[in-house]
Amino acid sequence: MKATDRLQRVRQEVSQAEREAGRNAGSVKLVAVSKTFDAEAIAPVIAAGQRVFGENRVQEAQGKWPALKQQTPDIELHLIGPLQSNKAADAVALFDVIETVDREKIAKALAQEMQKQQRKPKLFVQVNTGLEPQKAGVTPRETVNFVRNCRDTHGLSVAGLMCIPPFDENPGPHFALLEKLALEAGVSELSMGMSADFPTAIAFGATSVRVGSAIFGARG
Ligand SMILES: *Cc1c(COP(=O)(O)O)cnc(C)c1O
């Protein structure tokens, strides 16, 4: 099946999940995760009307997105992978949304770069809801304080929270936890749900879902 056909199917599934959850049509943003796919594979998906994309590596994104963004200026590019502080300048220059703010050093580096470049990508804090040692993100306990600290110490406005539940667990409780933390932290957006579980995430209040393989096919 072609990526554009799969895109149509995912769009329908997002709409259906919105309906079933009693959410407004169009209230969930679909982030098409294009990591590992080249510009040639991405172009037809842009031509089919998709405007929001996610990448997990700054360097890989730099190799394909500046040209694609020049051709289609209203693209919104999300960074969904870990960010090193020495890449903060590049990330601020290229991305419109950075979903993986998860420590003081990154918050500080982003604040400096945003000031310097006069660019304001939207920011999400990543939460490690499963407390997995290999996974990035603040712990659930730290979340409210970290969001407050981003605002009060670094002058950053945090739009929402993002999580990647443990691969082998029922994701529902993780989505519910993220929603509760967002409420406590006073932020309104929830980035949660991937190819395997985005309808569930929508039922739990996701405002954006990050879908890769269900659109682009299996990654090599
Ligand atoms: C790769 C990735 C996705 C998309 O995963 P699929 O299972 O292919 O939909 C979503 N979020 C993050 C953070 C990712 O790295």
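Which residues in helix α7 (residues 172-185) are four residues apart and separated by about one helical turn? They are Lys-180 and Glu-184, whose relation is taken up in point 1.

This is a predicted model, in which local features need pLDDT of at least 70 and side-chain atom pairs count only at pLDDT 80 or more, while totals for chains, interfaces and linings use all residues. Residues are numbered from 1 along each chain as its sequence is written, and side-chain values use heavy atoms, with hydrogens and water left out.

1. Lys-180 and Glu-184 form a salt bridge, with the closest N and O atoms 3.4 Å apart; the term denotes a side-chain nitrogen of Lys or Arg within 4 Å of a carboxyl oxygen of Asp or Glu. Helices are DSSP runs of H or I with at least four residues, strands are runs of E with at least two, and both are numbered from the N terminus. Lys-180 counts as partly exposed at 46% relative accessibility, and Glu-184 is partly exposed with a relative accessible area of 46%. Here buried means under 20% relative accessible area, exposed over 50%, and partly exposed in between (1.4 Å probe, protein chains only).

2. Other salt bridges. The structure holds twelve salt bridges. One of them joins Lys-135 to Glu-132 at 2.8 Å, N to O, and Glu-132 counts as buried at 14% relative accessibility. Another links Asp-152 with Arg-151 at 3.1 Å, N to O. Asp-152 counts as exposed at 52% relative accessibility, whereas Arg-151, at 46%, counts as partly exposed.

3. A buried lysine. Lys-35 lies in the loop between β1 (29-33) and α2 (39-47). Lys-35 is buried yet has no salt bridge, and the nearest side chain of opposite charge, Glu-55, is 8.5 Å away. For charge, Lys and Arg count as positive and Asp and Glu as negative; His and the chain ends are not counted. Leaving aside residues up to four places away in sequence, Lys-35 touches Gly-54, Glu-55, Asn-56, Glu-60, Lys-64 and Arg-219, a contact being heavy atoms within 4.5 Å.

4. Aromatic pairs. The structure holds three aromatic pairs. Rings of Phe, Tyr and Trp (its six-membered ring) pair if their centres lie within 6.5 Å; planes under 30 degrees apart count as stacked, over 60 as edge-to-face and the rest as tilted. Phe-37 and Phe-216 form a stacked pair, 5.2 Å centre to centre with 25° between the planes. This pair links distant parts of the chain, with Phe-37 in the loop between β1 and α2 and Phe-216 in helix α9 (residues 213-216), 179 residues apart. Both Phe-37 and Phe-216 are buried. The rings of Phe-53 and Trp-65 have centres 4.9 Å apart and planes at 45°, so this pair is tilted. Phe-53 lies in strand β2 (residues 52-55) and Trp-65 in helix α3 (residues 58-71), so the pair ties together parts twelve residues apart in sequence.

5. Nonpolar cores. A nonpolar core is a set of buried Ala, Val, Leu, Ile, Met, Phe, Trp, Tyr and Cys residues joined through side-chain atoms within 4.5 Å. Of the 62 residues in the largest core, Phe-53, Trp-65, Val-101 and Leu-110 touch the most other members. Helix α5 (residues 104-117) contributes the largest share of this core, six residues. Apart from it lies another core of five residues, among them Val-33, Ile-80, Val-97 and Phe-124.

6. Cysteines. A search of the whole structure finds zero disulfides, a disulfide being a pair of cysteine sulfur atoms within 2.5 Å. The sulfur of Cys-150 is 17 Å from the closest cysteine sulfur, in Cys-163, too far for a bond. Cys-150 is buried with a relative accessible area of 1%, and Cys-163 is buried with 0%.

7. Positive phi values. Gln-118, in the loop between α5 and β5 (122-127), has phi near 50°, a positive value in a residue other than glycine. Gln-118 is exposed, with a relative accessible area of 61%. Leu-131, in the loop between β5 and α6 (140-154), also has phi near 50° and counts as exposed at 57% relative accessibility.
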